[in-house]
Structure formats: structure tokens, C-alpha cells
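Hi there,

Here is the structure I promised to pass on to you. Please have it open while you read, and my notes follow below it.

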Amino acid sequence: MASGSGGAGSQSSVGDSEGRAVDPRYPLWAYVEKLGGASSGSGSRGGNAKFRCKFCNKVYPGSYTRVRPHLLQITKKDVGTCDKIPHSSFEQICKEDRAAAQLLEHGATRHTIPLPPYDASAPTRKRKQTAIAESFNAEVRQQADAHLARMFYTAGLPFNLARNPNFRAAITFIANNSLGGYVPPGYNSLRTTLLDQEKKHIQRSLEPIKSTWPYKGVSIATDGWSDPQRRPILNFMAVTEGGPMFLKAIDTEGEEKKKEYIFEKLQEVIEEVGVDCVVQVVTDNAANCKAAGLMIEAKYKNIFWTPCIVHTLNLALKNICDPKNNEGDNFYLWFIKKASDDASFIKNFIMNHSMRLSMFNEFSKLKFLQIAETRFASVVIMFKRFLLLKDALVQMVVHPNWAAYREDDVAKSQRVKDHVLNDVWWDNIAYIVSFTEPIYAMIRLADTDKPCLHLIYEMWDSMIEKERSMGKCVSCMKLLKRSLLLVGPRAIPPCIVWLTH
């Protein structure tokens, strides 16, 4: 324990720090006199630095790592403890040391940038308050906004977070409740305690949906995907009339996705959900997924495998819009692939050059779509957008500035202009969009979270009838029969349709 005695001469200079400001992260420098070496703002070892205690006047080598145990009376081999510190001063030293530890823990830096000064002329958001109440809180509100804005800027948070209803709800809750001294949760509590608490809450919220599984049935849908780090994953969803529910995702990196592997993972999920609750499993139409589905049907007599209708339609459109060669029936579809390649070339030529993109933006408020290759009906979507951008593209290529900015690549610039001004090329795009419209419309209707399996028969027959009535492309109808009818809705067991109605 600190002694209550001490010389008057020693106490007169304590905490003065020779009139110099002390870094709040290292406050104990104020109670010693530096004799050379390390800077007072440094917590590192001081080399040849020495310090003299203002209480006991003893001199010790070292820097802040020895100042602290000396004043706090922490026994160490290389520095003695001070027994001349008054009790009141010792309590103050301990208080300042605890405050410094909190600063270091929360990552406070020495050069903290102050908030922007209050600007009384700055516009404030309208509130349902009187003008007097608003004037009293205007400065505090502006400071709160500045703190929140700095959090976004320093952490690199996307501005869309400000639109997150949970973010706004949290700020509103704190503002509307008296939470004096409230400290937001730290790093460890966010990733442990609070995360577990939220997980349990979500699980309790899902219990009413799970309780309907035994008497209403559930479909297990699975698909392969890639996360933002490009790692392959296999996700599983439970789908009921109440909506889809995420079950789990498996990291399949380093695994060969054979039918046995997919069957094993499907079997695990079925056992977790309950064999008697599962009515069907839904996968895409890849050979390994189809084989795994048939293995599930063989093992569980009450579970059926159903191919994904949207994936089937997408494969049909892919066969039509992107034929592998120009032989046989594909010869009559080769113009579609050529039109698709030309449209992609025009889009990339404009978007990959800042000046050309700036010119395009002057003539059109609509933008080109960046469509992922895995997007259903991506070619049809691109053609639809091109038809909407036709007038803007024509105006751009006939403008005098187009000739001025084409010098970097005259040949490509001329190719773009020739296509854009070619009426036959635009007629081909309109023709492709027209005869693929029934398939695209069914994809839009089937690609939803709402139960629609009981409507598939009617939607399918209606789509085929529309394609036949148009009669524009015999080769397209052949490909439709080849791509669709073999794995069409007739493969869906009627009991599945009845159960999911």
C-alpha cells in the first residue's frame, strides 16, 4: 500500500509535467521527470533513457514500461517501487492508468481529429418538434451526425448501410430511451454472446414454420454456388407454403461432386429434417444431380426427385441462343449467337472507355445491364435492354463527337456504328425477343418464392401452344422438344402437385 508521507517539494511538482501536454494513453509521464532518450508520447523501450520519480527522487533507466510498475507498485526485478506516494495521489494514478488502458483497448490514437465545428446555417432535417426545441438540440444533433458519418468513413462502410432499417431502429431506440453511460457492444460480445443470442432468437422464430412440416410436407432444394471469396459451396433450403428457409451450406472445396457425394449430403439433410416430413428433393438437371436424385428415390419410397423447372427452361434458352456449332438444326440458329456476340461487343466497347461511356450517358438515362453468366435468360434480358437503348445508341454514333473519340480504335468504332445503324440487325434482335417471349415469361412466373408447382402443367402447355402458334422457327421448336419435353412437367409426380397446392 502507498505510504501517506512525502516531501512538500516533491508534491509541488507532481502532475505538472513541466507545463507540457501528456499523451492520454501514457498519463504517468506527468509524475516523473525525463532525463533523456525516449519521447514522452512513446510507450516503447527508451534505450539510454532515464527518469526521476517526483515522489522519491530516485533515478531509474528505461521508459514508460518501467515508469508504470514503479508508480503502481508492481514488483519487477529491473525497477523498484515507490513508497513515497500519498494515498490520494496513488488513487489518482490508478484512475488515470485505467482510463489509459480503455483508450488503448478501443484503438484511440494520439492525433484524434476533432469533429467539424457547429454550423448554425447548415440545413437540418425536419422534425415534429417546435422551433424552440429544435434550436436547443441543433448543435448536439449536428455532432451526433458527424460522429456517425466518421464511423462510416473510417471503417469503409457502404453508404447503403444508412438505409438498413435495423441500423435506423437501433439509433432511434438509443435516442428515445434514457441510457446514460451506455457503451456499445465490443468486438468479443458481437461475435460471441450477441451472435449466439440472435441465432437462438431466429431459431425460435422459425419454430412455427417447422411445426407445419409433419402434416403439410416440405421440399428440400439444393444448388451449388460460390461465395464472395470464390469458394464452392452447396446450400440446402427447406421450402414450404410459408416460404423458403435456409438450412445450411457446405464448403465443397477440394471435393469432387460425384453423385455419391451429393446423395450423402442430401441424405444427411433429409435425416435432420425428418424422413416423414420430406416430400421431394429439387435439384438442377446436371447428370450428377439427377443420378443423386434417383438414388434418393430408391432409398426413400415416399420421397421424389424433381428437376428444377426454371433451370430446364434456362437450358432450353441456352441451347437456342448459344448453340455449340452451326451444324444440323443449329445452322438456322447461328444468327442468334452472332447477334448476341455483336451486342456484347457493343456494350463492352462503350463501357470500357470513359469518354464513350460519358457520351452514351448524355443520350440515355438507362444504363447497360451487367448480367452474370449464371443469370437465367441472360441473353434475352440483354436483347430487351438493347431495344430500349436503340434510339440513344443511334443518336450517339451519328453525333460529331463519335468521330472525334474513335481515333484510338477506328476499326472497332466503325464496326459499332455499322451494327447500330443496320436495320436488319435490329430486326433480328426484335425477332429473337418475340419468339423467346413465351419461355422468358414462364421463367419469370416460375422463378419466385411463392408456391407455383400446381400451376406448372397449365403454364407449360400454354407456353408450348404459344410457340407453336407463332411458328416462326422450326429449329427452335425442335430444340424445345429436345430440351424441355424429356424432363418436362410430365416427370413431376401428380401427388407432388397435389401436396404443394
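Two strands count as paired when DSSP finds at least two bridges between them. Please keep in mind that this is a predicted model.

With that rule, the strands E6, E5, E4, E7 and E8 form, in that order, an open sheet of 5 strands with mixed pairing. Its edge strands are E6 (243-251) and E8, each of which pairs on one side only. On average, neighbouring strands of this sheet are turned by 25° against each other, if direction is ignored.

Now for the individual pairings. E4 (residues 218-226) is joined to E7 by 4 bridges, and these two strands run parallel. E7 also pairs with E8 (residues 304-307), again over 4 bridges and in the parallel sense. With E5 (residues 232-240), by contrast, E4 pairs in the antiparallel sense, over 8 bridges. Here Gly-224 stands opposite Leu-234 of E5.

How much of strand E7 is buried? For E7 (residues 278-283) the count is 6 of the 6 residues, so the strand is largely enclosed by the rest of the structure. Buried here means under 20% relative accessible area.

Next, the helices that lie on the sheet. H9 lies across E4, E5, E6 and E7, and runs at about 130° to E6. H10 packs on the sheet too, where it touches E7 and E8, and its direction makes about 155° with that of E8.

H9 (residues 259-273) and H10 (residues 287-299) also pack against each other, at an angle of about 50° and with their axes 8 Å apart. The two helices are therefore oblique to each other, and their crossing is right-handed. On the H9 side, the contact is made by Lys-259, Ile-262, Phe-263, Leu-266, Gln-267 and Ile-270. H10 contributes Asn-288, Cys-289, Ala-291, Ala-292, Met-295, Ile-296 and Lys-299. By class, the residues of this contact divide into 9 nonpolar, 2 polar and 2 charged.

H12 (residues 334-351) and H14 (residues 378-388) pack at an angle of about 60°, with their axes 11 Å apart. That angle makes H12 oblique to H14. Which hand does the crossing of H12 and H14 have? H12 passes H14 in a left-handed crossing. From H12, the contact takes in Ile-336, Ala-339, Ser-340, Ala-343, Ser-344, Ile-346 and Lys-347, and from H14 it takes in Val-379, Met-382, Phe-383 and Phe-386. This contact has 8 nonpolar, 2 polar and 1 charged residues.

Finally, a word on H2 (residues 64-72). This helix is mostly covered, with 7 of its 9 residues buried. The buried ones are Tyr-64, Arg-66, Val-67, Pro-69, His-70, Leu-71 and Leu-72. Just after H2 comes Gln-73, which takes a positive phi of about 60°.

Best wishes

Terms used. Residues are numbered from 1 along each chain as its sequence is written. This is a predicted model: local features need pLDDT of at least 70, side-chain atom pairs count only at pLDDT 80 or more; totals for chains, interfaces and linings use all residues. Side-chain values use heavy atoms; hydrogens and water are left out. Axes are lines fitted to C-alpha atoms, for helices over the stretch in contact, and angles run from 0 to 180 degrees between N-to-C directions. Angles under 35 degrees count as roughly parallel, over 145 as roughly antiparallel, 65 to 115 as roughly perpendicular and the rest as oblique. A crossing is left-handed if the near helix is turned anticlockwise from the far one by less than a right angle, and right-handed if clockwise. Contact means heavy atoms within 4.5 Å. Ala, Val, Leu, Ile, Met, Phe, Trp, Tyr, Cys and Pro count as nonpolar, Asp, Glu, Lys and Arg as charged, and the others, Gly among them, as polar. Buried means under 20% relative accessible area, exposed over 50%, partly exposed in between (1.4 Å probe, protein chains only).
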